[in-house]
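Please look over the sequence and the structure before reading on.

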Amino acid sequence: VHFSEISIGSDSTPYTAHLEDVTFSLSTSQLLKKSLVFHSVKIKRLFLRAAALPTLSPGSSMPPLFHLEKLVIKQGTFDWESPTTSVRLDNIQLNAHDVNFNHLAFPLQLSFTLQTNAPLLSLPLSFQGTVTLPAGGKLPQNRLQGQLTGYNLTLGLAHIDTFATTLQTKSSYLFLNPLNMQLYNGSTYGDASIDFSTGNTLLNLSGSTLKIEQLLHSIWPQDPLSGTLFFNTHTHFNLWQQPFSKSVNGTGVITLKTGFIHPFDLDAIVKYAANKLRLALDMPINAALSQPPPLSHTIIFNGYTPIKQFTLHYNLQNPNDLNGLIEFKNDTLLLAGSGRFHKATSMIHGRLSARVNTTEPDLATLQTLLGGKVPLQVEGSLAHIHIEPDVEAMAPYLQELVARHLLRAPLHDVEKQLRFLFQAPHAS
């Protein structure tokens, strides 16, 4: 039986379907035995639209004696729209054999391009595996298992060269394990699970040897970072919340090796803070108090900082608050401590300790007096960073120096000197 066109529904109904060039091959001998058996169903073009995902009521079912020996869709499109999201499966090609509702697994080959507007996705995917449809055709009991692969995928601003996973569904859950990707000259591996009834999504992912400049280029074309990226993340978010990024939380470790920060001179910042502290401690008490020139924006954002290794242990409690432990080192500087970044205000709060590998006698002596490191306090926004000596952390080391000054100088002169110490250098 051949149909040139079949249309079901209209623009005013929740579901519409339009089929072109459809051929049914039905077994008449099985039909006389009250069994619906198709030798084949071939659809050249298929267009589906849904305003909601289809569901079956508990009492609804498919004929238990239904059997389809071969199902072929040469070109198909499926559109699903909700108030917040639109999903399209385009370029659908499908081949299935021995389709039944008797809880017997049958082979399925399926390829399509998944496209969504929120989040922005373009995923050309291919699936090869098996499908199990239980008697009665109740959708929550359907099972899908097989290999899902993709090439040249786009997730928002990110690009993935290859994607491969073992896919399995159970009830309303989708499991991807293992989940492997090749991207930005590196690779990732892990697993993921999605509960489609709630949107809750769990992602465990580790990555190695990714080129961070390629990863960040679409966000910051100025290439502020270069180097080799390693990471391990455990992330939770709700796929149905719009935008889903507002539901993200998780923990992880990010490591950057053998690279540069452009254009950001971290060495100059640390040496400035240390020099100001040295002047405050070493100047004669009765001398006129002066301080080094302000730490200008030009000094901070001129040149670069080499990275031997940078490690961040982070805890993202909500999308706006990132807390972390930091360790940075290169051939001249070791920086360690903790900090917090508030995304909504772009404000940074941190307490760090710096150890400078220097040949300058004054700076080396200062570090020795402070227990081998220079405590620093970081406050402000990304655009206006304030860096000052952390006087609270240095208090145990400063007591002896202050006591010496009190023995040989008027109190008001010591007060002037301490005020100088507390004045924060900043980027102007």
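## Confidence of the model

The protein has an average pLDDT of 80, and 78% of the residues score at least 70; pLDDT is the predictor's confidence in each residue, from 0 to 100. Over residues 283-290 the pLDDT is below 50, and this stretch has 14 contacts in the model beyond near neighbours in sequence; a contact means heavy atoms within 4.5 Å. Residues 424-428 also have pLDDT under 50, with 19 contacts beyond four places in sequence. Where pLDDT is low, the predicted coordinates should not be read in detail.

The model is predicted: local features need pLDDT of at least 70 and side-chain atom pairs count only at pLDDT 80 or more, while totals for chains, interfaces and linings use all residues. Residues are numbered from 1 along each chain as its sequence is written, and side-chain values use heavy atoms, with hydrogens and water left out.

## Ala50 in strand S3

Ala50 belongs to strand S3 (residues 37-50); strands are DSSP runs (E, at least two residues), numbered from the N terminus. With a relative accessible area of 3%, Ala50 is buried (under 20% relative accessible area, 1.4 Å probe, protein chains only).

Leaving aside residues up to four places away in sequence, Ala50 touches Pro14, Tyr15, Phe78, Asp79, Trp80 and Glu81. The C-alpha atoms of Ala50 and Glu81 are separated by 6.6 Å, although these residues are 31 residues apart along the chain.

## Thr77 in strand S4

Thr77 is located in strand S4 (residues 67-81) and counts as buried at 11% relative accessibility. Beyond four places in sequence, the residues that Thr77 touches include Leu46, Phe47, Leu48 and Asp90.

Notes
Helix = DSSP H or I, 4+ residues; strand = E, 2+ residues; numbered from the N terminus. Buried < 20%, exposed > 50% of the residue type's maximum accessible area, 1.4 Å probe, protein only.
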